[in-house]
Amino acid sequence: VQLVESGGGLVQAGGSLRLSCAASGSIYDINAMGWYRQAPGKQRELVATITSGGSPVYVDSVKGRFTISRDNAKNTVSLQMNTLKPEDTAVYYCNAEIRRSYYTTGNLYWGQGTQVTVSS
């Protein structure tokens, strides 16, 4: 199983970026999917998660600015980031709880990360 992110980059404060993450490989089903971020010198933190039914949860600092969505048919999760701030600068990682067969429990998989830099 692989998670591959795309969509990071450099943007000015107030701008927007859209991150995407695609899961591939031997997948039976996917439970929760989410986005985390890690800024230099800081611990990795949750940004947003979304259940298989589409219910989102956001960290307070991004509420009203970021929107998480997923396409269950394509095994993808996206993060639309608007009104970006310099403090949003970090490496963003997607993750997903994936079952590889009916008989197995879910395991957590991570993408390789994509850099988001917001200039002031």
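This report describes the nonpolar core, the salt bridges and a surface patch of one predicted model.

Residues are numbered from 1 along each chain as its sequence is written. Because the model is predicted, local features need pLDDT of at least 70 and side-chain atom pairs count only at pLDDT 80 or more, while totals for chains, interfaces and linings use all residues; side-chain values use heavy atoms, with hydrogens and water left out.

**Core**

In soluble globular proteins, nonpolar side chains tend to be buried together. A nonpolar core here is a set of buried Ala, Val, Leu, Ile, Met, Phe, Trp, Tyr and Cys residues joined through side-chain atoms within 4.5 Å; buried means under 20% relative accessible area, exposed over 50%, and partly exposed in between (1.4 Å probe, protein chains only). The largest nonpolar core has 29 residues, and Trp35, Leu79, Met81 and Tyr92 have the most contacts inside it. Strands S3 (17–24), S4, S5 (45–50), S7, S8, S9 and S11 (114–119) each give two or more residues to this core. S9 gives the most, with five residues. Strands are DSSP runs of E with at least two residues, numbered from the N terminus. Leaving aside neighbours within four places in sequence, the residues in contact with Leu79 (heavy atoms within 4.5 Å) include Leu17, Trp35, Val47, Phe66, Ile68 and Tyr92.

**Salt bridges**

A salt bridge is a side-chain nitrogen of Lys or Arg within 4 Å of a carboxyl oxygen of Asp or Glu. By this rule the count comes to five salt bridges. The table gives some of them.

| Pair | Closest N and O atoms |
|---|---|
| Arg37 and Asp88 | 3.0 Å |
| Lys63 and Asp60 | 2.9 Å |
| Asp88 and Arg65 | 2.8 Å |

Asp60 is exposed, with a relative accessible area of 61%. Asp88 lies in the loop between S8 and S9, and Arg65 in the loop between strand S6 (56–58) and strand S7 (66–71), so this pair ties together parts that are 23 residues apart in sequence. Asp88 counts as buried at 0% relative accessibility, and Arg65 counts as buried at 9%. Salt bridges that share partners join Arg37, Glu45, Arg65 and Asp88 into one network. Arg37 is also buried.

**Surface patch**

Tyr28, Tyr102 and Tyr103 form a nonpolar patch on the surface, with about 450 Å² of accessible area together. Patch residues have over 30% relative accessible area and no salt bridge; like charges are joined within 9 Å and nonpolar side chains (Val, Leu, Ile, Met, Phe, Trp, Tyr) within 5 Å. Accessible areas come from the Shrake-Rupley method with a 1.4 Å probe, and for residues only the protein chains shown count as cover. Tyr103 lies in the loop between strand S9 (90–99) and strand S10 (107–110). Tyr103 is exposed, with a relative accessible area of 75%.

Conventions. Helix = DSSP H or I, 4+ residues; strand = E, 2+ residues; numbered from the N terminus.
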